[in-house]
Structure formats: C-alpha cells, structure tokens
Amino acid sequence: MSARALIIEVRLIDGRFHGLGDWPPSPFRLFSALVAGAYGGRWATEMRDAKDAAFRWLERLGPPAIAVPHAVRGQATTLYVPNNDLDAVGGDPARISEIRGSTKVFAPRLFDAEAALLYVWPFAAGEAEAGTLGALSERLFAFGRGIDMAFARGEIVDAATAEARLIAHGGSVSRPGGGTDAATRWLACPMVGSFESLVERHAATAARFEARRDGRVERISFRKAPNPRARQIAYDSPATILLYDLRRPDGSFHAVATERALALATAARDLIVTRLTAALPQRSEEILRLVKGIAAGEADKARRLRFLPLPSIGSNHADMQVRRLAVEVPSDCPLRADDIAWALSGADLSRTDPETGEILQAWPTLVRADDRGMLAHYAGPSRRWRSVTPVALPASEASRSARQSGTARATAEADLAGRLAQALRHAGLNPAGATIAIRREPFDGHGTRSERFANDRFPAGRLAHAEITFPAPVSGLLALGDGRFLGLGLMAPVAAPVSIHAFAIESDGLQPADWVPLAAALRRAVMARVRDALGLRPEAGLPVFFCGHEPGGDPARSGTHRHLFFAADPGPTARLLVIAPHRITRTGPTGDEPDQLAALDAALVGLSQLVAGRHGVHRLLPLPPPEPGDPLIGPARTWLSATPYRPTRHPKRSADRAAHLTADIRAECARRGLPEPAVEILANAPGSCREPAVRARLRFAVAVEGPILLGQDSHEGGGLFRAEE
C-alpha cells in the first residue's frame, strides 16, 4: 500500500499553455521537462548517477493523479512554415517561399497564473529517489513549448495529505483509469525505458546533420531522431453528481409526472441562480452564464451545470415518475460543487406570490439523497441507450406536420436521425458507426409520448424518443439535444446480454481427443434447451443464430458466421464456452442478435450437466465470462493452438501442405477481422491425409484481442487459440 506521495507543483508564469493536445498536460511532458532541466546548462557536467537512478525510479511508478486550474481556450494563431524539403528547390534558401505551405495552429489554454498544476505520484519505497526528484524539480524552466516559461517545486508528503491537496486544489482533478465517456482522456505517461529513450533522442538530435562527400560535392544528410517511448493511459476527470430526493413535509417521496421534468429542472436552476447571485454578487455574470446559459460561448457548454430529473426505472413495475433530481457539476466548472450543494440542500421549490404569499405552484423539497442506487440505472457503460425523456432536436420542415403519410413520416424521422447525430457531437460523442432509431412513441411500456413534453420553448415537432447503439460501450450520465441542461434527452442504458458463457468442467481422465467432441455435445445441449425455452415443437427449425442452418436445412451462407460458436478450453482451468458470433467476427451485434442472446441467457439458466455419449457425463459449473488478461481474450501478439485447426479447404494432392495450411489460416484471420499473422505449423493432430489437423502458432505485428476461433470446425470447438505467455 502506498503510504507516501511525491507532489510536483508546476506554475506557468504567464498563465498560458501552448502545448498541443488535451488539457491537462501529460505526465510524460512533465517527465521530459524535468529531464531537460536536470541535465542542461550549468548542470551538464554534474555527476549523473543519483539523477539517473531517480528518473529510472520515477518511470517505474504508476501514473500520477493530476490537478489543473480551470482553463479556457484562447484565440487560435496560424503559422505558415516551409515544408522540410529544401532539396526540391535545389537547396536554395532564397526559393523557400515555393515550398511554404505547412501550417501550425496554436490555441493556448488560458488560466489563472497564480494557480498551480499538481502531479501526485504515490509510492511505497524510494524515499531517497523521491527527494532527489524534489530537488531537481526546481531546475525546471519551461513546460509545454519554449515560450511557456515555468518553475516548479517538489515535496514528499503522506498519502492522506496528498489526497487532501488534490481535493482542496479547486480545479479539475484527473485520475488514471478512465471510463468510456466523453470525460476520458488518453495521456502519455513515463514507462520503463522512457529515460533512456530521451537520452538517445538528445544524442541523435545533436548529430542529426551529417556532412558527407559525394565526389567533389559535400552534402548534408539529415537523420530523424527516434521518438521517445511512453505509454498511453486513460484518465478520467468525472463530474460531481449531487443527488436529491423529492420529499413532502412528512418525509415521504413526492412523485412528479415525467412530463413535468423540464419544469422541475427549471425551478431548481432558477433557485440556484437566485441564491448564488445573492451570496456572490461579484460573480453574477459567471453564474448566469454557467447555470442559465445566458451569454454562454462555445467553450462554456462543457462547463455548464446540468439539471436531470430522474424517472424511476430499473424494474418492470417502475412507474417512471420523477422522485429524484441529479445536478451534474462538470470538473471544469469554476463554480464549486459545495456552493451548488449549499444553494440546493433543503430548498423548497414551491413558487409563491411575493405579495400575498399564496402558493402559485406546489413543488417538493430537495433533501440530499443517501441512497444512490437509482443513479446507477443511468450510468452505464453500455453500447445500447434509449431515451427516458424525449430529445429536443432542431426544428425541421419534415417534422412540423402533425398528420403524415407513412413515407412522409419515414422522411421526417430520417431527418431527425441526422439531427440526433449532430446532438451526439454536441455531447462530445462520435456518431460514426452508431445505429440510430427515432420515433414519437416511448420505448418503455411505462414511458410517455414525446409530444406530452411540449412547451413554448420546445414544440412537439422538435421532440422525439431515440435509441442509439454505439460501436463501443459508452458511460453516462448521458443527456442529448438542446434540452440536455434541463432534463430532456435523458438516456438510460439497455442491459446487454452476456456475449460469452463459460462453464467449468471436471477434466480428470479427459484425453486431448475428447475436447472437440465435448464442444459439439455442448452445442447439441444448448440447441435442445433453446428449443424448450422458445416453446418450439421438435419438428420446428431453430433460428439460424442457434443452429447455423437455414430453415430448409441447408448450412448457413458461408462467410457470414452469424451463429453461435462453441469452444472447449483445455487450459489450467478446463472450461467450455458458448460465444456470440460478434465476439469472433469483431463486429457489433446486428439485427435481432441482442434478442437472440437474451433468449440464450434464459435457456442456459440451470445447465449443470453435459451428456457427451461415449465421452462421458460431466458436471458443469457456471463461471464468470473471461475478461481482458485472460489467455483466451488477451490482448497478445503471439497465439498458440489450444485445439487442432482444420482448414476450410482440402489441399490438392500435389499441393505443398504447409503452404496450403498457412494460406488457409491467413484467409481465416482476414475473415475474422484480424491482421495477417506469421504462421508457424507446429505439429500434426489426429486426422486423415485429406482432412489434416494441425497445431499452429500465430504471430501478429500488433497485439490483438481474442477469442480466436478459426477453421472448418470452429463453431464446434476446433481451431481455438490461447495467448502464449
């Protein structure tokens, strides 16, 4: 456990940061700046041993936590510089205007120059090295680009003090271990070998120009210095979520109809503006800009507060009435979360006549929530999301008519789908690869039609319910559209069915030749259980997804592989697996595959015994699905056969057997969306000369993820590969 922490505090003299990339500056940028300061100038002849040891110690630590002041983008400046191709004009500097064309755009981050940037590295051992780095940090002179003059200091504190410093910083705190939402940033961090790579790069840069003679002509050759080595780490800078229960005076929940969500959010927003401007009159313009959006610029959108009434969901019996209010304070918002909490806690949202005291609109009292379970139903991560409150989209001519023909409605919904894609971009999400469905009716049986939310600001023609399937999981809270700051466009994740089912199997007495037949037996058992779960008669055919055969009995069209894979893993923990096709083909679920996977989930409940004919009767025990790091999932560059590979095509008698198998494996990898591997045929497995079966080793140029199932019998246990340790 880390009991101590190294804090390096950096201050930029002008309150500007010109470095390219996202804010905050990456830990590797600080590492490079520390190295440059420690060895440059008058310290170039200083003894290096202690300094080298300190930087090698730092590169072995985990990624640090980072706290930076709230910053805004400054005005961009474009510089036009010549291409690095003077030879194209005969080496004549006077003709440099002919090759000028490359541009560099600088958009500095602006912030309070008095505020510091904190980098906090926890450590358990290495007090001496940490002390050396604390002293060396005072030599730092620039951070970002050469024009970003800076100074720093380091200190060693206990872990509790370091955490308190991060919390009290008042800026945006980023921690390693980001999620899948828009707040996740990938930052370069030091790794083992980073220090040596900087030393090599410095030496190569000093000798990048080399003079050599070509006959009587002396030519100058240029050699590019090698890039430094760093690892990319996901950082998360999550927003603060303040959650409140809507209560009556007697303490019971005050349920509000879902269609009044916008009015409820507006009442809470106006109350915060009233209380904060009264307490902080000098910041009234900033409060109006960040809470109500008055005079807000493009840079303010990501820093604005969001008021999200939460309808009750998560159960078939949930009535989807609002009983809780979430207030999201972005990490980059200059307004402190504790000030927002002060303005809302115990607040009565009811509106009264200032003269008579008559209650004009009865609203509940906000009480800080102890139970945050409902919030988890909106958090994700998930690939598939559905709207709980309708999305407010820009008006369009196609959506203004209340009565439409089928063709006109389809045109209108296609138009709205395009506008929803734009709303995704506004929320910081990439719509590329996303599947969008949009309609007026709710997706939940207890939901409310979109036109019920209509008001003066958002007429019915701008409101629609949406379902979005992303190519990769996304985390919430997710709200889209023009009304996302006031509770409209609130999305909820749709629980994804399990894509890999795993079962432990007793492996005592099993021979290598038993594993593929066990997978085939599991396939037959699963098809029988699915047939019972779907209530199908014995003569009725199963959907292609489960059996791999068309209704007429013919095998499914070759090359698509849109049916279940079954695998037997004879590893240290012997297990059988049922794998969704999209995990093998590396594509997202298509068509009705999510519904088919849900049916598979139900059919596998209670599966505890496998009857495999002459291969015995075996007890099955459900296991958690394999996760990244598992030998079947990887990622890894080298993969080794776990069960024999059988080629998809028989070799000709005169063909080179090894070349045929190598080409067949590479073709299978291409069908699975994998890069082309180097194939090493290791040994023959049982099989005839016309149906060869081999074990192989696959080496990819980059690390790839599993599961990897290849070959003729890959749907029935053959051709399974494991990451080689």
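This is a predicted model: local features need pLDDT of at least 70, side-chain atom pairs count only at pLDDT 80 or more; totals for chains, interfaces and linings use all residues.

Reply: Thr-643 lies in the loop between strand 31 and helix 15, the latter spanning residues 657–671. Its relative accessibility is 2%, and because buried means under 20%, Thr-643 counts as buried. The side chain of Thr-643 reaches the backbone oxygen of Gly-717 at 2.9 Å, and a polar atom of that side chain also lies 2.9 Å from the backbone nitrogen of Leu-720. Apart from neighbours within four places in sequence, Thr-643 is in contact with Val-516, Ala-568, Pro-570, Arg-695, Gly-717, Gly-718, Gly-719 and Leu-720. A further relation is given by Ala-567, which stands 76 residues away from Thr-643 in sequence while the two C-alpha atoms are 8.8 Å apart in space.

The peptide bond from Gly-634 to Pro-635 is cis, with omega near 5°. A cis peptide bond also joins Gly-706 and Pro-707, with omega about 5°, and Pro-707 is found in the loop between strand 33 (693–704) and strand 34 (708–709). As background to these two bonds, most peptide bonds are trans, and most residues other than glycine have a negative phi.

Ala-295 is not a glycine, yet has a positive phi of about 60°; Ala-295 lies in the loop between helix 7 and strand 16 (306–311). Phi of Met-320 is likewise positive, near 60°, in a residue other than glycine, and Met-320 is found in the loop between strand 16 and strand 17 (322–329). In accessibility, Ala-295 counts as exposed at 72%, whereas Met-320 is buried, with a relative accessible area of 6%.

The axes of helix 6 (residues 261–279) and helix 7 (residues 284–292) come within 10 Å and cross at roughly 165°. Because angles over 145 degrees count as roughly antiparallel, that crossing makes helix 6 roughly antiparallel to helix 7. The contact is made from helix 6 by Arg-269, Asp-270, Ile-272, Val-273, Leu-276 and Thr-277, and from helix 7 by Ser-284, Ile-287, Leu-288, Val-291 and Lys-292. The crossing of helix 6 and helix 7 is right-handed.

A buried side chain with polar contacts can also be followed among the strands. His-465 lies in strand 24 and, at 0% relative accessibility, counts as buried. The side chain of His-465 makes a polar contact with the side chain of Ser-387 at 2.9 Å, and the side chain of His-465 reaches the backbone oxygen of Thr-448 at 2.7 Å. Strand 24 (residues 463–474) pairs with strand 21 (residues 382–387) in the antiparallel sense, over 4 bridges, and within this pairing Arg-386 stands opposite Glu-467 of strand 24. Strand 21 is also joined by 3 bridges to strand 25 (residues 491–493), and these two strands run antiparallel. In strand 25, Pro-493 is the bridge partner of Trp-385. In general, strands of a sheet pair through backbone hydrogen bonds, either parallel or antiparallel.

Elsewhere, an open sheet of 3 strands has the order 2-7-4, with antiparallel pairing. Strand 2 (16–17) and strand 4 (72–73) stand at its edges, and because each has a single partner strand, one side of each is left without a neighbour in the sheet. Strand 2 is joined to strand 7 (residues 109–110) by 2 bridges, the two running antiparallel, and Arg-16 stands opposite Leu-110 of strand 7.

To return to the request, the side chain of Thr-643 reaches the backbone oxygen of Gly-717 and has a polar atom 2.9 Å from the backbone nitrogen of Leu-720, while Thr-643 itself counts as buried at 2% relative accessibility.

Definitions and conventions
Residues are numbered from 1 along each chain as its sequence is written. Side-chain values use heavy atoms; hydrogens and water are left out. Two strands pair if DSSP finds at least two bridges between them. Buried means under 20% relative accessible area, exposed over 50%, partly exposed in between (1.4 Å probe, protein chains only). A polar contact is a pair of N or O atoms within 3.5 Å; within protein, one must be able to donate a hydrogen and the other to accept it, and residues adjacent in sequence count only if both atoms are side-chain atoms. Axes are lines fitted to C-alpha atoms, for helices over the stretch in contact, and angles run from 0 to 180 degrees between N-to-C directions. Angles under 35 degrees count as roughly parallel, over 145 as roughly antiparallel, 65 to 115 as roughly perpendicular and the rest as oblique. A crossing is left-handed if the near helix is turned anticlockwise from the far one by less than a right angle, and right-handed if clockwise. Contact means heavy atoms within 4.5 Å.
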